[in-house]
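Work through these exercises with the model open beside you. Try each task before you read its solution.

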Amino acid sequence: FFAINENKQAKPNLAHSTVALVEPDSEERDPWDLPEIKDTGVPWSALDTRGKALRVLVSVLKLILLLGLLYMFICSLDILSSAFQLAGGKTAGEIFQDSSVLSNPLAGLVIGVLVTLLVQSSSTSSSIVVSMVSAGILTVQMAVPIIMGTNIGTSVTNTLVAMTQAGDRSTFRRAFAGATVHDFFNWLSVLVLLPLEAATGYLYILTKLIIDSFHIQSGEAPDLLNVITDPLTESIIQLDESVIRDIAIGIPEAKNKSFIKKWCQTYTNTTLKNMTVSGPENCTAPSLCWVDGNTTITLKNMSETYYIKKCQHLFVDVNLTDLAIGLILLALSLLVLCSCLVLIVKLLNSMLKGQVALVIKKIINTDFPFPFGWVTGYIAILVGAGMTFIVQSSSVFTSAITPLVGIGVISIERAYPLSLGSNIGTTTTAILAAMASPGDKLANALQIALVHLLFNLSGIVLWYPIPFTRFPIRLAKGLGNITASYRWFAAVYIIACFFVLPLFVFSLSLAGWQVLVGVGVPLIVVLVFIVVVNVLQKRRPDFLPAALRSWDFLPLWAHSLAPWDKVVGVCTAKCCCCCKCCQGTNEEHEEQKSVLNGTKVHKAVYDNPAMSVEKEVENEIKIELNILKKTQL
């Protein structure tokens, strides 16, 4: 149906090529642009009365289902935290016991990260620190780096949530960047503020002035979302969180206690009783001591606990160890968590279509008109703080917005201030919880909570007001681009940043300051050199010698992820070999069965072996060129 010029070579019709069946990607399109949302449904005005009623009913049912899935998602996060406490709570308590290690600020930071990872709750790890300060085991100055570490440890949850969206590259790029922008903010804030605090102690001095200036009375911490979630979570498991604090404080009997709460209502009666002691030096007081012959008697307070009401959760009478119950709950909570996330994303995709999605995207991502456009981000910070205060968990809020970033409803530029607001919101909850402390512990508990608040406010001042300083967004986008091309690198990032690096620094801290400085300083110098050279290669290569204007003088594996990708591909292929063999056997069986039945297997145009091989070669060449371009060190 088209004319061919005699002087021109005839070209094959694209209808017979596999390339024509795939919509070509636009290289000019920014991968971080939000996807276009087209209204493909029937307009509201075109529906009759029955159609309108049906659409309203379906929308209401979807909204109810969405709220139910969000409720299960939040409950599964609560159960996940309990599972981590059962599996690693005693280890977390024992980590805090070595106060000589905690005197090292870097070791305190790493301990805060590791303990928060073990218990999956910054509130729990912060309460342990408050108890240790109140008991005199830690000073407030020693507790400041630990609080910074808890801020880092709590950001791993939404990063894990982003892993559930690895199916689609574009969605995964946005979701992982939206999650890790929180990580980069916390790491960069610690990188600047920890040395500043070690040198000047400004967080301790400011919070001390605030505590001494105001006459603060004890209050009551409010229960907001817990009122709704506790009936379900407490019917599954209830923990005695005082056991971790007792282990950290050093009470020997706590090591043999179980975290599982058996009795929900108890009564303790304290009475004075006559006790026989070995000598007058063991008496309670000289006035409460007398000698009857060879026997020394004194009066002592004796406490007796009466167990009134037993708890009603599932594991109250189960004869399993804490570790076994923790692993069971860990598997179940992860299953429910991932299932809820997948269903929430699918439900949001079905709900956020047409005009509804356009309105939501416009409201969330549109700035105020000039000259008030800068106010929009600060309002987003307030919204994030308020929502986190309502749900009383920064992990829940940031994990909830991560899928929205992935599907393109929220831009990463808007997710960044929302995450900063969630950091503020979780500290307000800690302040209210500290206000509920007894009078003798109120000052220390409140000062630590204020340290957490001022740390996050200082981080916002560093990395948000000036657009040029919003490095977390750029770093998160760079990591998102890498993980979109190499999805296995997301797992490497999580393991390296939240487990390997903290454990490595903690091991060096145990060896002493000399080893820590001797190993750490050269590594930092090399890292700074690499960063500076990378920046100069992109911006001012003429400042560098010819050898350093590219990393091509290094082996390919040292400045590109392409060789590592092949290694991962080979390992994955070997692991999946059995599955592929089984699949191939099933396909051969189906083909033999079709031949016996007299049917013929037809291949579509895009299943042509010659064409598919040709296309694979072209795709591999394009992918390798993009890899070498994007993954230079």
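**Exercise 1: the cavity**

Trp32, Leu34, Arg174, Val405, Ile410, Ser411 and Ile412 line the largest cavity. This is a predicted model, where local features need pLDDT of at least 70, side-chain atom pairs count only at pLDDT 80 or more, and totals for chains, interfaces and linings use all residues. Residues are numbered from 1 along each chain as its sequence is written, and side-chain values use heavy atoms, with hydrogens and water left out.

Task: find how the residues of this lining divide by class.

Solution. Step one: recall the term. A cavity is a set of points on a 1 Å grid over the protein atoms alone where a 1.4 Å probe fits but cannot get out, and lining residues have an atom within 4 Å of a point. Step two: recall the classes. Ala, Val, Leu, Ile, Met, Phe, Trp, Tyr, Cys and Pro count as nonpolar, Asp, Glu, Lys and Arg as charged, and the others, Gly among them, as polar. Step three: sort. The lining has five nonpolar residues, one polar and one charged. The largest cavity holds about 40 Å³ of space.

**Exercise 2: α13 and α14**

Task: state how helix α13 (residues 375-391) packs on helix α14 (residues 394-407).

Solution. Two packed helices are described by the angle between their axes and the distance between the axes. Here the angle is about 120 degrees, and the axes are 8 Å apart. That makes α13 oblique to α14, since angles under 35 degrees count as roughly parallel, over 145 as roughly antiparallel, 65 to 115 as roughly perpendicular and the rest as oblique. Next, list the contact (heavy atoms within 4.5 Å). Gly384, Met387, Thr388 and Val391 of α13 touch Ser394, Val396 and Phe397 of α14. By class, this contact of α13 with α14 has four nonpolar, three polar and no charged residues.

**Exercise 3: α6 and α14**

Task: is helix α6 (residues 156-163) roughly parallel or roughly antiparallel to α14?

Solution. Start with the angle: α6 and α14 pack at about 25 degrees, with axes 8 Å apart. That makes α6 roughly parallel to α14. Now the residues: Thr157, Asn158, Val161 and Ala162 in α6 meet Ser395, Thr398, Ser399 and Thr402 in α14. The contact of α6 with α14 has two nonpolar, six polar and no charged residues.

**Exercise 4: α7 and α14**

Task: describe the packing of helix α7 (residues 169-200) on α14.

Solution. Their angle is about 145 degrees, and their axes are 7 Å apart. In α7, Thr171, Arg174, Ala175, Gly178, Ala179 and His182 make the contact, and in α14, Thr398, Thr402, Val405, Gly406 and Ile407. The residues of this contact of α7 with α14 divide into four nonpolar, six polar and one charged.

Methods
Axes are lines fitted to C-alpha atoms, for helices over the stretch in contact, and angles run from 0 to 180 degrees between N-to-C directions. Helices (H or I, at least four residues) and strands (E, at least two) are DSSP runs, numbered from the N terminus. On a 1 Å grid over the protein atoms alone, a cavity is a set of points where a 1.4 Å probe fits but cannot get out, and a pocket is an open set with protein on both sides within 12 Å along at least five of seven lines; lining residues have an atom within 4 Å of a point. Grid points are joined across faces, edges and corners, and a volume is the space filled by probe spheres set on the points.
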